[in-house]
Amino acid sequence: MQHTTTNRWRTIDIVVAAVIAVAFGVIFWAWGLVWKAADPAFAAAPASQAVMYGVWLVPAVLGGLVIRKPGAALFCEAVAATVSALLGAEWGGITIVQGLIQGLGAELAFAAFRYRAYRLPVAVLAGAMTGLSAALFDFFVWNSEYALASYRLPYAALTVLSAAVVAGVGGWYLTRALAETGVLDRFPAARDRTLV
């Protein structure tokens, strides 16, 4: 079932996508501090810290589920990454490139269904795809000097799993929760809510 009649972005689409992106840019910055503080908890198995990764990928899935237009997932993730970089994320400007690549993963998942399917399995796929994009970026950029079997492969697998659960499932439930409040009444996502 097609939920949108046009792929043209409305002013409200741009505004809401920007709000999602900026809010998550602040969350990204804060999550970077949490990530750093959690380092000691993962000292015995450093690659397992990737279970925390999914938070950084939520806006790609959430943006795609809410806006339901080509480019929404990419826009939300890239702008969120840019905001976190501007706020002083410890990884600097490369974060912007990383956000573009991560957003592209979710964008490809929505595009595979021609921007017409937004059920939970599609959200999980979008989460997994953005996780795969993130894992590939990290595999070659951040983790290239680490051991393949004991760090890089488990880290990549846990990144994809975290993204599927946190960004995919979490993004889908967050969209439903927002729709239930009525704040998405001007979006196709509101049609998915339970009428009371």
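## Helix α2

In α2, the buried residues are V58, P59, A60, V61, L62, G63, G64, L65, V66 and I67. Buried means under 20% relative accessible area, exposed means over 50%, and partly exposed lies in between (1.4 Å probe, protein chains only). Because 10 of the 10 residues of α2 (residues 58–67) are buried, this helix is largely enclosed by the rest of the structure. Its buried residues pack against α1 (11–38), α3 (72–86), α4, α5 and α6 (148–181). Just after α2, R68 takes a positive phi of about 55°.

Helices (H or I, at least four residues) and strands (E, at least two) are DSSP runs, numbered from the N terminus.

## Basis of the model

The model is predicted: local features need pLDDT of at least 70, side-chain atom pairs count only at pLDDT 80 or more, and totals for chains, interfaces and linings use all residues. Residues are numbered from 1 along each chain as its sequence is written, and side-chain values use heavy atoms, with hydrogens and water left out.

## Nonpolar core

The largest nonpolar core has 43 residues. Elements giving two or more residues to this core are α1, α2, α3, α4, α5 and α6. V66 and F110 have the most contacts inside the core. A nonpolar core is a set of buried Ala, Val, Leu, Ile, Met, Phe, Trp, Tyr and Cys residues joined through side-chain atoms within 4.5 Å.

Leaving aside neighbours within four places in sequence, F110 is in contact with A60, V61, G64, L65, A73, Y115, A117, Y118, V122 and A126. Contact here means heavy atoms within 4.5 Å.

## The loop between α4 and α5

R114 lies in the loop between α4 and α5. Its phi is near 55°, a positive value in a residue other than glycine. Y115 is in the loop between α4 and α5. Y115 also has a positive phi of about 55° although it is not a glycine. Most residues other than glycine have a negative phi.

R114 counts as exposed because its relative accessibility is 56%. Y115 has 14% relative accessibility, so it counts as buried. Y115 is also one of the contacts of F110.

## Salt bridges

Side chains of opposite charge can pair when their charged atoms come close. A salt bridge is a side-chain nitrogen of Lys or Arg within 4 Å of a carboxyl oxygen of Asp or Glu. By this rule the count is 3.

D13 forms a salt bridge with R10, with the closest N and O atoms 2.8 Å apart. R10 is partly exposed, with a relative accessible area of 31%. D13 is at 0% relative accessibility, so it counts as buried. The side chains of K69 and D13 also meet in a salt bridge, at 2.7 Å from N to O. This pair links distant parts of the chain: K69 is in the loop between α2 and α3, D13 is in helix α1, and they are 56 residues apart. Both K69 and D13 are buried.

K36 and D39 meet through their side chains in a salt bridge at 4.0 Å, N to O. K36 is partly exposed at a relative accessible area of 47%. D39 is partly exposed at 29%. Salt bridges that share partners join R10, D13 and K69 into one network.

## Nonpolar surface patch

I94, I96, V97, L100, I101, L132, L136, F140, V141 and W142 make a nonpolar surface patch of about 800 Å². Elements giving two or more residues to the patch are α4 (94–112) and α5 (120–140). The largest share, 5 residues, comes from α4. L100 lies in α4 and counts as partly exposed because its relative accessibility is 41%.

Patches are made of residues with over 30% relative accessible area and no salt bridge; like charges are joined within 9 Å, and nonpolar side chains (Val, Leu, Ile, Met, Phe, Trp, Tyr) within 5 Å. Accessible areas come from the Shrake-Rupley method with a 1.4 Å probe; for residues, only the protein chains shown count as cover.

## Record annotation

An unreviewed UniProt entry places the feature "transmembrane region" at residues 12–31, 51–67, 121–141 and 153–174. UniProt positions are in the numbering used here, feature names are shortened, and annotations may be inferred rather than shown by experiment.

Over residues 121–141 the chain is 95% helix and 0% strand, with end C-alpha atoms 30 Å apart. Over residues 153–174 the chain is 100% helix and 0% strand, and the end C-alpha atoms are 30 Å apart.
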